[in-house]
Every structure is written in C-alpha cells, then in structure tokens.
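Trainee: I am new to this structure and would like to learn how to read it. Could you walk me through its features one by one?

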Amino acid sequence: MPGESILQKLEWNLLTNRLAGYCQSPEGAKRAAAKQPCMNEEDIRERWKLALPLTDLYRQGYRAPVGELVAVEPLIRAVRLGRVLDGKSLRDISALLASVQKVFTFSRDFSPRCATLEGFRNRLVLLAPLQKSIIKAIDEDGMVMDQASPELIRIRNQRRSLMKQIEQKLKHMIHDPAWQLYLQDDFFTKRGERYVIPVKLDGRGRVPGTIVDTSDSGQTLFIEPAFIGELNQSLQDLELSEKLEVIRILRELSQAVSTHGDDLLSDYEALVFLDELSAEGQLACELDAVPVGLSSEPVLHLIQARHPLLQVVNAEAPVANDILLGEGQHILIISGPNAGGKTIVLKTMGMLVLMAKAGLQVPADSASMLYLFDRIFVEMGDAQSLTASLSTFSGHLQGLLPIVNSAQKKDLILLDELAVGTEPQTGAAIAQAVVEHLEKRECCALVTTHYDNLKGLAIHQKGFRNASMEYSLQTFSPTYRLILDVPGQSYGLELAAKSGLPEALISRAEDLRGSSVSAMDDAVSQLMAARDQARVAATEMQEAKRAAEAAEVRWQQDAKLLGQNRKKAVEAIRLRFEKELSAFREHVEEWQQQMKGLRKKISASAAFPPDISEAMRQLSQSGQSVLKKGEGIIRKTGAETAEPPSQRSLPGREATFSTLKAGSQVWLNPLGCSGHILKMGTSPQDKIWVTTGQMKLWAELKDLRILETAAPQPSGKHKADSVRERKSGTSGAADVVFLATSANTLDVRGSTLSEALEKMWQFLDAAVMRGEAALMVIHGHGAGALKSGLRQALQEDSPYRVRFTPGDRSQGGDGVTLVFFES
C-alpha cells in the first residue's frame, strides 16, 4: 500500500472525501473516507463486477434506499452483556429493519436489471416480527406506548383516573372560601411526585396535612392535604408499577434484539456495503469511469485518461489524454510550457493506478490497460524544509534517494521537474543520469522536464519516449493536450508577456537571448506551426462535412414530410371518390334492374311495341350518361392518386437471362403486375412469352424483375380447352349486362378477314389495358365468312382468356359478337 506521503502528494483524500459525500449512512461515509488502495487483482475484478450494475442503475435514475443507518454494533454488544436498551435505541433497531425491508423490496423489483441486487436480496434477513413488536411498543420519540402490553394499559388508565380524582378534590379545596385565607395562591402542584398546595407560613397547622417542601424564601409551605394522602400514596404505587412494567417491556424487546443479534449485524453490514458500492457507482457516473483491463506485466497504456478531481470540481469536462509507452519503452519524457498541464498528467497516472487498486472504476476508455504496480514513488521537485535545514535542491535530492536505491521493474515512478533548483547544466546532467539508471532497471516512469538533453534521449534511445503539452501559437495559451512523440518548448517569453510583464522587459530579454534558441526548439516551433495550420484546415473540412450532412438530413426530412403529406392527400381523395363511386354503383344497379324488366317484356312479345322501343332508347341514353360519369370518376381518381415513378418501390430483384426459365414468376415493370413465363428465347436479346391475368404477351428482358416466390407451372392443356370457348347462343351471358359505347365497340364491317383480325387483336389489347370486362365486335351478317373467321380466331388464337356469344336482338343479333374477359 502506498505510504501516507504518496497519498498526500497525489491528493487521494480529496477523492475519498468526495466518495464519502455520496454515501447515505455515517458508517458508509466513514469507510469511504478511509478507503485505501490495497486490493489485489481478484478483489478488484470482483468489486468492479458488483459496482458496474449499480453504476448502470444509477444512470437510469435509481439507487438503493439504504437511508441513514445508526451503528448497531454497540447496541448488540450491550444487550449481549445484559443491558436493557432504552426506547430510542430500540427505535434505531426498528429503523434498521425498515431499511432492510425497503432495500429487499427495491432489490426484488430491480434485480432483473441489476445482478448485484439479486445477491443482496438473498443475503438480507427480514425480521418483521421484531420490527412489528418494537413499532407497537415504542413511539417515534422512544417512549413506551400504552398498547405495549395489556398490563400497562390497565396501570396507566388507573393512574389517569386517580390523578383526575385528586385534581378535582384539590380544585374544590382551593376555591373553598374557608381555605383561601391560608393559601398563597389558587393552584396546586407536585413536589416529590406528590400533589401539594401552596400554604402561607402563618397557615401552618391550620391546614391539616403533611409538609412536603418549602419555597426558597421560606414563606410558602407545600402541604399535602390529609384527605388526599392515601390517594397520593396509591398514585405513587401505580407509578412504580408502571415503571416496572415499562422495564419489563424494554427488557423483553432487548432480549429479542439479542436473540437476533447476528442477523441484525449481518443486515447492517450488508446495507453499509451496498451503500459503499452505490456511492462508487455514483462516482463512476460523475466521472464517466469504467472498468479497464488489468495487465500482468508493467505497462503504461491509458487511453483518454482524465484526472478525477478536475472532472469533479470543473464545470467543463477536463481534457482527456493518451498516456502510452510502446514495447520496449519504459520512460515517458514530458516537456512543454509551465502551467501547461505536465504535473496534471503525472498525477493523473498516479491517481488512476490508486483508483484501480482501491476497486474504483477508472475515468478512461475501457480499452485502457493498467498494471497494479507494487509501489508508487512520487517526487515533485520542491521539498524545501526549514526545520531540516534543507534547500529546495537538497530536499529534492533526499526525495530521489529511495527511488534511485530501491525502485524496481514493478514500481511506478513519477518525477516532476527532475533535478531543478541548481545550475542548469549540472541539473541536466544529474537528471539524465537518474533516468538512464531507472531505464536500465526497466522501471516505468513519467518525468517532466525543460532539459533538452532529456528530450534528446527519446530520439536516440529505444527505452525512452517523448511527449509534450500542446501550446497554441494562435492563442498563445496551453490546450492541456498531451502530444506523443513530439518534444515540447517552454515558451517562457510568451508566458511572461501573457502574465503582464512590461513589454520593455520582454524586449530586453529577447535581445539578451538573441539567437541562442536551441536547434530542437526551432524544429519543434516549426513543427507546431505546421500542426496548427493542419488543424485549422482539418477543422474547416470537418465543418464543411457537418454542413453537408446537415443539409442531407434536412433534405431527407423534407422528402419524408412531403411523402407523408402526399399520403394524407391521397387518402382524402380516395375517400371522396369512394363516395362518388358508391353513388355510381347505385345508378348502375337501378339501370340493370330496368334493363332486366325490359328484356322480360321483349321475350314475351313477338315485336317491339312503341313504348318499349322508347323506353330502350331512354335507358340507353341514361346508361351512356351513367357510364361516362363512371369513366370520369375513374380517370380523376387515377390522375389524382397516381404515385410518381420515382417513389415506387419495385418488388423482386433485377432479372438476368440465366436466372429465368419457363414457370418463373416475374414482375412486369410497364404493366405494374406479376405474371409467369411461358416460353424463353435462346438468347438475352430474344423476347420472352409471358402470361399475366387474362393476357399473354411478348416482353423484353429489361422490363422484367424476378420474384422470389415460385409461380405455379402453367397448365399443359391446349388453349382450345380454355374456358374462353363459347360458340353461340345466349347461355351464360344472359345474366351479364352489356352496354355498348364507343370505347368498347369495334366495327369491322367492310374489312377483309386479315384486316379485321389485326383490328380485333389491337382492340383487345387496348381493352385489357383499360380494364374493360366486355367488348362488342360488329361484323354484320353477310355470307358469314367474316363472322366465322373472327369467332374461330377468338376460340383458337386469342392471347387472352375469353368467352364470346352473339348479341341479342336489341344489340344486332348474330351480326355482332360479344366478347367477355375471363378472370
């Protein structure tokens, strides 16, 4: 364990006092303040294992409700020696048991989040009967209450009744005119636990009773009237009985405490330990500290290390530094300006080693590695002592002696301003001799200095490494950052000017110094200037990058907002058109009913009566109007809700010729629907025969995307077996209402069969794209060749699944063919 002087130099007590302030119990605070860095590696790992879950729990805003615990060891020791505890001490025991219950409940509720609490919950012993007995018998002020026992209730009730009886008699007496002449005042009181009245001195013998006391002046006698003497005696007997009963109750409770003494001590220790661990977790949160790696060999490998005291007292986070020694390096030479942070780096290293050895989490990156050094040596370079007749330099040498004589490989040495206080050349020589000696012993050391010869060691010898405290030439102020592998400058004149030294003195000093600046200082100065320029450029680039990222984020947010607004607008349009389409359906259904009624009349009559012809004409006009309205609704709906191509997310993945085969399920980009392949070509340039819904078509490879789910294989039946076959007659079509319009009617009269077929296939293609359910082809009667050729082509060569039938008499009979698309 480090000596007291080492702990003082590193200001260890400031950290432990801070830790104590986080404890809830006096005993926890006492132990935290006295905490020593003396744990071994196994104990440290176990401590971190326990404290880390509590640290995470504290970050979430929770902490075990330990409370202010009164030390119970003296109480347990007293009852075991036969002492009866007073009411206040018993209430302290009750408070401990209440804390145990609270912590038990807290541990039960939070053990899923915190493994440490599960262990404490299993360790705690609940003594609910004892706690209940104490609370029932003793009030918060430590007084025994009436309900502590039936006997105590009886005694106190009798005593109160007797007191009331005595007081009533005395009130009657002091207000009786026969006695008022002899009374000093109109009140009664108690003397020696007996009721008395104040009587004048000359009333002695006139008031029957016993003199119990007199006033200081002797002019007043306190007399117990004879008529209450027996009552007073009875009252005293009751008060004695009460005291005996109270003692019995306290003794009984004290014996119960003694019986459960071991459990009480165990609970107390568990709560104090939990209090300590919780305080360590809170400190770790404040310092942003974590467990780090523990090395089996001496090493300096701290990443983003921060001094814990700076982090506690400063509003701003302290500068984090990497303190590193590479393989084969033992001594870190730290140089740089005064007040630049060199000493803080030394103390940071020492303090973090102490924290680890005390089981505290370390304010550094979790990737850091620490070695638990056997000893820590600290020499700060200012050991002046008037009582020992030592100068600064002499005191410094005295501090170096134990280091030089006994430091070994497993020790950590921290030397601040080594060998200062004497002539510079001599001091530099001594300093170099000391660090070379320590390097030969492979001691890990941090040494701060202004000596150039020590800086040069790291350039020429493997066992040393340079580091410097950064100093900004732009602001002429230290940044407190440790720069590895770069020696530092002192910047004495710059600091003198900044501290307010007169400009004339600064100019004179510059003249006197002349060009004696060392070559190393000049090189370092140029290096620092170049570094500052590079840093400025890097900062500008970083700001530009952040601005670009911010712009990208804003663009993404705007695009997301536009998409959300568009979805809302589309939904509003959809709802509006649903209402319009609902009304449209009602019109269509009404029209269909009327058409069915007319069809029945037509079937029942040999010729068209004039009224039916007129009704057919009106219904036809009405149907045209309704259909046009429906088509308008559909067009408006499609125009207002169509999704821009850039916003569509296409299913599947891009298709290649090698991944496609007959039966593959594909997505057709131009149509926006799925289908499957019927036939493949022999090369990627060949078109592919695809079927989708009612339609078969040739598609190019670039228009297809392959879907992951395999489509069912197409049926092997000949297309002549398709359900599209409907040779003639009205069977199957009588229940389908067809209203001819210019959009769904094709007139091929006067065309040759080849011309009519070409027109019909194009007409079917366009109808499928529009989503038509039925078409009318007008071919006339003639010789029947055109009609037969068209119907045969529909039956055998149609690329779509269709059925067909001649029209009825109102539509043109056998001179037209109605074509219906099968789903």
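Mentor: Happy to. Let's begin with one side chain: Phe120 counts as buried because its relative accessibility is 4%, where buried means under 20% relative accessible area, exposed over 50% and partly exposed in between, with a 1.4 Å probe and protein chains only. Please keep in mind that this is a predicted model, in which local features need pLDDT of at least 70, side-chain atom pairs count only at pLDDT 80 or more, and totals for chains, interfaces and linings use all residues. Residues are numbered from 1 along each chain as its sequence is written, and side-chain values use heavy atoms, with hydrogens and water left out.

Trainee: Which residue forms an aromatic pair with Phe120?

Mentor: First the idea: a pair of aromatic rings is described by the distance of the centres and the angle of the planes. Rings of Phe, Tyr and Trp (its six-membered ring) pair if their centres lie within 6.5 Å; planes under 30 degrees apart are stacked, over 60 edge-to-face, and the rest tilted. Here Phe120 pairs with Phe273, 5.9 Å centre to centre with 45° between the planes, a tilted pair. This pair links distant parts of the chain, since Phe120 belongs to helix H7 (residues 115-123) and Phe273 to helix H12 (residues 261-287), 153 residues apart.

Trainee: How many aromatic pairs are there by this rule?

Mentor: The count is five. One of them joins Tyr62 and Phe110: the ring centres are 4.7 Å apart and the planes meet at 45°, so this pair is tilted too. Tyr62 is in the loop between helix H4 (41-59) and helix H5 (73-80), while Phe110 is in helix H6 (residues 87-110), 48 residues apart. Tyr62 is partly exposed at 32%, and Phe110 is buried at 12%. Together with Phe106, Tyr62 and Phe110 form one aromatic cluster.

Trainee: Which residue lies over the face of Phe222?

Mentor: For this we ask whether NZ of Lys or CZ of Arg is within 6 Å of the ring centre and within 35 degrees of the ring normal. Arg191 lies over Phe222 in this way, at 4.2 Å from the ring centre.

Trainee: Now for loops. Is Gly807 buried or exposed?

Mentor: Gly807 is buried, because its relative accessibility is 9%. Gly807 sits in the loop between strand E23 (802-806) and strand E24 (816-821); helices (H or I, at least four residues) and strands (E, at least two) are DSSP runs, numbered from the N terminus. Contact means heavy atoms within 4.5 Å, and beyond its neighbours within four places in sequence, Gly807 touches Gly813, Asp814, Val816 and Leu818.

Trainee: And what does Arg204 contact, leaving aside its neighbours within four places in sequence?

Mentor: Its partners are Ile211 and Leu221. Arg204 is in the loop between strand E2 (194-200) and strand E3 (209-214), and at 60% relative accessibility Arg204 counts as exposed.

Trainee: How many helices and strands does the protein chain have?

Mentor: The protein chain has 23 helices and 24 strands, and buried residues make up 42% of its 823 residues.
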